[in-house]
Amino acid sequence: QEIADVLQTCLEVEAEMLLLDPDRLGCRDAGRYSFGAAAKSGHMLHHPAWQHLLQSTPVLMVLKKIFPEGFIFSGGGGDFVLGKTVNYQSLHSDLGPSRVPPECRSDQPPMISINFTVQHVTGENGPLRVVPGRRVVVGKTDAPPCFSEEPEVLRQSKLCPLPPGAAIIRDLRLWHGGTPNISNETRFLPSVEVMSLKYSQYISGPHSFGYTYCEVCKWHQCCFYYKDRRPCLPDSLFETLPLEVQKLCEQIRGPDVPVGLRQFARAQRSWEDGDRSSRWSWSWPSSGSKTIQRDGGEGRARSYGWQSGWRYDWSEGSEAAGSNARSINVGSRRVWTPNASWEDKTFKTEKSAISLREGFTAAGTVLAKTLRVTVGVVLIAKCLRFLNFLSRTLEHRGIAKLHLLKALPFASAVSKVLWIFQHT
């Protein structure tokens, strides 16, 4: 019954989100959606069905082993992938090193996400793919490769098959990504998140949570969003939880939790130009191409092709995926190119998707760096002008023969140059 409740809520939220995204742009690549990115609170814990995910006894037992010093819940969300989504999502990490202080960069994860399966997850309905043992801790030497450089073994590292009711406990620093959902049904993976007590103390510090200088992050803007510390669990639902779970949710409870959805659609194509990938060309296959019509309207066809190296394993499929589900074992490189109409629409959307806030942020970053350089140059100029004044004063008093003052004429010349730069 709990699984059915969560699945029903996922279906209802999906319908509301698709009404706000008629072009099916998604917010995690085309056809991929994040519950948290669409929710006004940044989380989904205001839905009563999500309370089932907070009370999983086996998961709580595992978390106590992972965090012997203690942990707390920090939120909940998840993602879903529409049927007939044929592109991959590039490998990435959900918790970069800029958000983790050095004292928390250990084998113990600072944050963990627990995804719950509410359907049969198979190889064809978009299972999660992970790279065991590979985490982004430093960011320079341990970042995942761009999609074009990924070997085939990483693209096929899928967590499947999984029955309904399974839990995927994942370090947020782990390399992971999405896979194609070639079935006719949407695949859901709702989730809750926890963090260690040590990491929660770091987030509870005096962060600015905005685009102003942050004393904790030591940066011109904070590395965290306000939703990372905003209450997301209504008091009315908090009071229905068991006492043990209430102790773990004290930090996220609140009387006024925003509900509803916000505008979230964002054109993104990580399989071409993701976080670290560079644009690379996809070519049409020489033969055997096939066109798929995506749900949601005309002019949004997706095309993909196969070569002789691909094998098809036909199976009956799961109840969630339908009787026509297929499993594709890729033996060669997959090629796919969207049609021109979708390409034009994506380009126009990408140009208009930059919000005014992001524009001000970029301008503020450039201005802040320029001001730092200018202030430094002005201070140097002031110092050299003072040395020039000191040189003239000592020379006027007839004691310019000191060895220490022999370098002052050069300082005087430099000060004149910087004076011109300052006033320019």
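Buried means under 20% relative accessible area, exposed over 50% and partly exposed in between, with a 1.4 Å probe and protein chains only. The model is predicted, so local features need pLDDT of at least 70 and side-chain atom pairs 80 or more, while totals for chains, interfaces and linings use all residues. Residues are numbered from 1 along each chain as its sequence is written, and side-chain values use heavy atoms, leaving out hydrogens and water.

**Exercise 1.** Find what share of the protein is buried.

*Solution.* Start with the chain: the protein has 424 residues. Of these, 48% count as buried.

**Exercise 2.** Describe the largest nonpolar core, then look at F35.

*Solution.* Recall the term: a nonpolar core is a set of buried Ala, Val, Leu, Ile, Met, Phe, Trp, Tyr and Cys residues joined through side-chain atoms within 4.5 Å. The largest one has 42 residues, and M17, F35, F73, V192 and C249 touch the most other members. Now take F35: leaving aside neighbours within four places in sequence, its contacts (heavy atoms within 4.5 Å) include C10, V13, M17, W50 and F188.

**Exercise 3.** Work out how far apart in sequence the contacting residues lie.

*Solution.* Keep the contacts between residues at least 6 apart in sequence. Of these, 77% join residues at least 24 apart.
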